[in-house]
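Hi everyone, thanks for coming along. Let me put the sequence and the structure up, and then we can walk through the fold together.

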Amino acid sequence: MGERLYTLIEICNIICCLHFIYNKKIKIDIQSLLLIGIDCILFEWINIEGESHNLSMLMYVLIFIYIIAEFGENIKSSVVANLIYVVVLSVTQLIGFLTLTLLHLEFLKDSLSAIFINLIAFIILLLIRKKLHSLYKFAAKKNFMVF
């Protein structure tokens, strides 16, 4: 149960982060529901069937397609947004992990600590949401991210 919950929270963090990057309102539409559903099925397949974790790389392709479908962006700006969301979510999850470590909460089960880490990451995303769009505009204007 915990694994499903933190997977769902992480997917919602990705969707929120992408909407913050593009400075768009978060809305529940068919693209978002499809991404959530397909990612949940993909991770469930990986967890239950013991399939290769290389299948989780398929998620990046799905998110790339989601960016193009949801925001109508071209390939270059989709790559930039993909790179930004990966870096931002990685850093926010690292901060969440460090917070749990500093609070001496290592005794929590893996799934429970992953839920807390993703919730901390979500709070950080909410706090920096205005800066994400500025970062995206800066990175999209400069071509160094694509290189």
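So, the protein has six helices and zero strands, and read along the sequence the pattern is α-α-α-α-α-α. Helices here are DSSP runs of H or I of at least four residues, strands are runs of E of at least two, and both are numbered from the N terminus. Please keep in mind that this is a predicted model: local features need pLDDT of at least 70, side-chain atom pairs count only at pLDDT 80 or more, and totals for chains, interfaces and linings use all residues. Residues are numbered from 1 along each chain as its sequence is written, and side-chain values use heavy atoms, with hydrogens and water left out.

Let's start with burial. Of the 147 residues in the protein, 37% are buried; buried means under 20% relative accessible area, exposed over 50%, and partly exposed in between, with a 1.4 Å probe and protein chains only.

Which residues touch the most other members of the largest nonpolar core? They are Leu18, Ile21, Ile63 and Tyr85, in a core of 29 residues. H1, H2, H3, H4 and H6 each give two or more residues to this core, and H1 gives the most, with nine. A nonpolar core is a set of buried Ala, Val, Leu, Ile, Met, Phe, Trp, Tyr and Cys residues joined through side-chain atoms within 4.5 Å.

Now to H3. The buried residues of H3 are Met59, Leu62, Ile63, Tyr66, Ile67, Glu70 and Phe71. These cover an arc of only 145 degrees around the axis, so they sit on the same side of H3. The arc is taken from the directions from the helix axis to the C-beta atoms. Just after H3, Gly72 takes a positive phi of about 65 degrees.

Most residues other than glycine have a negative phi.

On to H6, residues 129-141. In H6, Leu132, His133, Tyr136 and Ala139 are buried. Seen down the axis, the buried residues of H6 fall within an arc of 130 degrees, so they line one face of the helix. Turned away from that buried side are the exposed residues Lys130, Lys131 and Lys141.

Ala140, also in H6, is partly exposed, with a relative accessible area of 21%. Its C-alpha atom is 8.1 Å from that of Lys76, 64 residues apart along the chain. Lys76 is in helix H4 and is partly exposed too, at 37%.

Finally, the largest pocket, with about 300 Å³ of space. Of its 15 lining residues, the closest to the centre are Glu10, Phe43, Met59, Tyr60 and Gln93. Helices H1, H2, H3 and H4 each supply at least two residues of the lining, which divides into nine nonpolar, five polar and one charged. For the classes, Ala, Val, Leu, Ile, Met, Phe, Trp, Tyr, Cys and Pro count as nonpolar, Asp, Glu, Lys and Arg as charged, and the others, Gly among them, as polar. A pocket is an open set of points on a 1 Å grid over the protein atoms alone, where a 1.4 Å probe fits, with protein on both sides within 12 Å along at least five of seven lines; lining residues have an atom within 4 Å of a point. The volume is the space filled by probe spheres set on the points, which are joined across faces, edges and corners.
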